[in-house]
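The entries follow the order in which I looked things up.

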Amino acid sequence: MSYDAAFLWGPANFSGRPPTRLVVEGIVVGFLTAGLIGGAVVTGALTGFGMVGSGVGLIVSLAAAGYLFSTNAGRVLVAAVALLGGALAWWIPGQAAQAVLAARGKARTVVVTEVHVHRYEGRNYVKNSCSVRLLDGSPVPNEAWRTCGPTARPGQHLTMVFDPEASVPPTDRILPATATEALAGVTAATLGLAALCCVAVIRSQP
């Protein structure tokens, strides 16, 4: 293998099957990285500390990339681990919230209190969002976007989906049919991250 190829993809100078120790190390690193990112981000999303969870997930992904870099893993694989781990730290919270609402969310009627017009001059595009409250007068922290159309007016009734346990914020978005459907994409990507870490470790040493 040329120096450039080894630098980009890892030396992997062994012939035949990779050494067992590398396979074991790769599996441990892969699933530990994926598990820590997923666990931290989901926990943060469900406890109201989504930004903290995402921050921890990002730190874990960078730490994993740093470890792989120190073991002489291929630079392309190191960069891919850092990027995919960071993407998961950003992506998982929204999908976890959708999964919760798909599993146990309840639709409730809300009343528009104020309509906000957002103008995107560069794209010649206008989008409304609505501040809302419940019928009993309780304020809703999240605005309605999808159902807040051009004709929305204060006093209009809209529907939002709420988590009875208030673990995640309400939304008026169209939700997946099931929690499994909501998590399918991030689950596949998380397993992909574990596999990528495993391959990087296996190829990191002769």
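Entry 1, terms. I take each axis as a line fitted to C-alpha atoms, for helices over the stretch in contact, with angles running from 0 to 180 degrees between N-to-C directions. I note that the model is predicted.

I looked up the pair formed by H4 and helix H5, the latter spanning residues 179-202. Their axes come within 8 Å and cross at roughly 160°. Angles over 145 degrees count as roughly antiparallel, so H4 is roughly antiparallel to H5. I recorded the crossing of H4 and H5 as left-handed. By class, I found 21 nonpolar and six polar residues in the contact of H4 with H5, and no charged ones.

I then turned to the packing of H2 against H5, where the angle is about 145° and the axes are 7 Å apart. The crossing of H2 and H5 is right-handed. On the H2 side, the residues in contact include Leu22, Val23, Glu25, Phe31 and Ile37. On the H5 side, I listed among them Thr190, Leu193, Cys197, Cys198 and Ile202. The contact of H2 with H5 holds 14 nonpolar, four polar and one charged residues.

Next I examined H2 with helix H3, which covers residues 50-70. The axes of H2 and H3 come within 6 Å and cross at roughly 165°. That angle makes H2 roughly antiparallel to H3. I noted that H2 passes H3 in a left-handed crossing. Among the H2 residues that meet H3 are Glu25, Val29, Leu36, Val41 and Ala45. Their counterparts in H3 include Gly50, Gly53, Val56, Val60 and Tyr67. I counted this contact of H2 with H3 by class as 10 nonpolar, seven polar and one charged.

Which residues lie nearest the centre of the largest pocket? I found Gly94, Ala97, Pro169, Thr171 and Arg173 there, within a lining of 20 residues. The volume of the largest pocket is about 380 Å³. Helix H2 (20-46) and helix H4 (75-104) are the elements that give two or more residues to this lining. H4 gives the most, with six residues. I classed the lining of the largest pocket as nine nonpolar, eight polar and three charged residues.

Technical notes: Residues are numbered from 1 along each chain as its sequence is written. This is a predicted model: local features need pLDDT of at least 70, side-chain atom pairs count only at pLDDT 80 or more; totals for chains, interfaces and linings use all residues. Side-chain values use heavy atoms; hydrogens and water are left out. On a 1 Å grid over the protein atoms alone, a cavity is a set of points where a 1.4 Å probe fits but cannot get out, and a pocket is an open set with protein on both sides within 12 Å along at least five of seven lines; lining residues have an atom within 4 Å of a point. Grid points are joined across faces, edges and corners, and a volume is the space filled by probe spheres set on the points. Helices (H or I, at least four residues) and strands (E, at least two) are DSSP runs, numbered from the N terminus. Ala, Val, Leu, Ile, Met, Phe, Trp, Tyr, Cys and Pro count as nonpolar, Asp, Glu, Lys and Arg as charged, and the others, Gly among them, as polar. Angles under 35 degrees count as roughly parallel, over 145 as roughly antiparallel, 65 to 115 as roughly perpendicular and the rest as oblique. A crossing is left-handed if the near helix is turned anticlockwise from the far one by less than a right angle, and right-handed if clockwise. Contact means heavy atoms within 4.5 Å.
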